Amino acid sequence: MLLSSRTPRVAALLAAGASLALVAAAAPAEPLGIGDRLFPHLGNPGYDVTDYDISFTYRGDNNKPLDAVTKINARATSWLDRINLDFSHGTVRSVTVNGARAHYATKGEDLVVTPTAAVAPGQALNITVQHTSDPRSGKKEVGWLRTKDGLAMANQADAAHRVFPSNDHPSDKAYFTFRVTAPKKYTVVANGLPVGKTRQGGATKWAYRTAHPMATELAQVSIGHSAVLHQEGPHGLPVRDVVPAKDVKALKPWLKKTPGQISWMEGKVGHYPFENYGLLIAHASTGFELETQTLSLFERDLFERPEYPKWYVESIMVHELAHQWFGDSVSPRSWSDLWLNEGHATWYESLYAQEKADRPMVKRMRAAYRASDAMRADGGPPAAPKAPTSDGKISIFRPVVYDGSALVLYALRQEIGADAFQRLERTWVGTHRDSTATTADFVRLASQLSGRDLSDFFDAWLYGKKTPPMPGHPDWKVDPVSKH
């Protein structure tokens, strides 16, 4: 709770010299949020996280919780007599704030912490939570993903707080350190670069650290009977792939595609934005692939199903790679800005298929145009997507944020020309690297680089219930939307 919003009862207690623990008893804990339109209770006001240092102890059993310690370094941006963290699906054992034990309570999906002394704006905030992290899930949101031989993470859109306490919103990016202790027969890999590996009896302790800030939804830790394969990308970039050890021979031909795909993307939008890259191929059925930062998660079945042609699999690889620029390096300020992530990843997926497999983008975009009104009716306009349904929070990932949003980019290129569009793409990822950005930022930059105000164009394409005419294609028609 912020001091500026204290109840009269709380203010009176503090004025009388009562401890914050007594205040906590007087004012029940309540979940907070930063007011995201799609996830109103996600994220927390009053502080900015700079670093996470997270330790897990895995004992080789996916049916038992992991022991964990999460250390959060942050800076207060408001007066705080309470600190809310997003956390659920684990048991909290203790909390300290700036070295002193703190009172805590759970409410909804929040861990509400009351420090012994209020925290002033600008003050350092060091929080340590001893807790468990439970891989068992009875819900459709994931967090820990149980694989055939261990665990991986799938935290999008808002499941990181099912794994560790956090400010679980992409607007608050931070540096991460992961320390994982596992039986010696397991291999552990995480986002970023390795910074330590030590034997402890029959176990090994692994440590990894990111060199760039990361959104919580992009965190990745893989624990399994894995082989780690190394190759070199453009400019000496380390490329590290993690695959089931028994599948190395079958998967190597696919993995060899990655350096060339990185070079292709660099030719479109500029230098790769992180310290390394690679594929994490998991023995699990997820129904999705995921752009976890520097280590994209893929189902093993994607590379084995005979009905998937080679060009299709490669284009999906490029989709997740493109996210390293669009979504990971440049993260959405709010979840309504999701179209910037998925629209761009779909754009480069389609462009790669056109250039490498003779799959014309114009055919895909014309099909998307025909279906665009239906996609908008189902999922909302690209930049104002409908809220998640009761089926699960990943239901925000509807067709309108994929082909429907790539269609907006196609229309934009038609409107401003290929050269201006290319300058926009490069400038966008360069200007906002390692940061967050909004739809308004994209509209402003596009207008600036094209030399004219594009507000009306974007209002129609991003927020309209009906699809506008396609520039340069007056013959394109939208299919009527069924009322049933």
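Predicted model: local features only at pLDDT ≥ 70, side-chain atom pairs only at ≥ 80, totals over all residues.
1. Tyrosine 104 has valine 113 in S7 as its bridge partner.

2. The largest cavity holds about 90 Å³ of space. Its lining comprises 15 residues, and those nearest the centre of the cavity are Asp149, Ser222, Ser226, Ile281 and Ala282. Two or more lining residues come from each of strand S10 (151–154), strand S15 (221–224), strand S17 (238–244) and strand S18 (279–282). By class, the lining of the largest cavity has nine nonpolar, five polar and one charged residues.

3. The second largest cavity has a volume of about 60 Å³. Its lining consists of Phe326, Gly327, Val330, Ser331, Pro332, Asp337, Leu340, Asn341, Trp428 and Ala437. Strand S20 (330–332) and helix H6 (338–357) each contribute at least two residues to this lining, and the largest share, three residues, is from S20. Six of the lining residues of the second largest cavity are nonpolar, three are polar and one is charged.

4. Some backbone geometry deserves a look. Most peptide bonds are trans, and most residues other than glycine have a negative phi. The peptide bond from glutamine 156 to alanine 157 is cis, with omega near 10 degrees. Alanine 157 sits in the loop between S10 and strand S11 (175–183).

5. Asparagine 98 has a positive phi, near 50 degrees. This residue belongs to the loop between strand S4 (92–97) and strand S5 (100–101). Is asparagine 98 buried or exposed, or does it fall in between? Asparagine 98 counts as partly exposed because its relative accessibility is 35%, and the band for that class runs between 20% and 50%.

6. Threonine 294 also has a positive phi, near 70 degrees, and lies in the loop between S18 and strand S19 (296–299). With a relative accessible area of 2%, threonine 294 is buried, the cut-off being under 20%.

Key: Residues numbered from 1 in each chain as written. Heavy atoms only, no water. 1 Å grid on protein atoms, 1.4 Å probe; cavity = no way out; pocket = protein on both sides within 12 Å on 5 of 7 lines; lining within 4 Å. Points joined across faces, edges and corners; volume = space filled by probe spheres on them. Helix = DSSP H or I, 4+ residues; strand = E, 2+ residues; numbered from the N terminus. Nonpolar A, V, L, I, M, F, W, Y, C, P; charged D, E, K, R; others polar. Pairing = 2+ DSSP bridges. Buried < 20%, exposed > 50% of the residue type's maximum accessible area, 1.4 Å probe, protein only.
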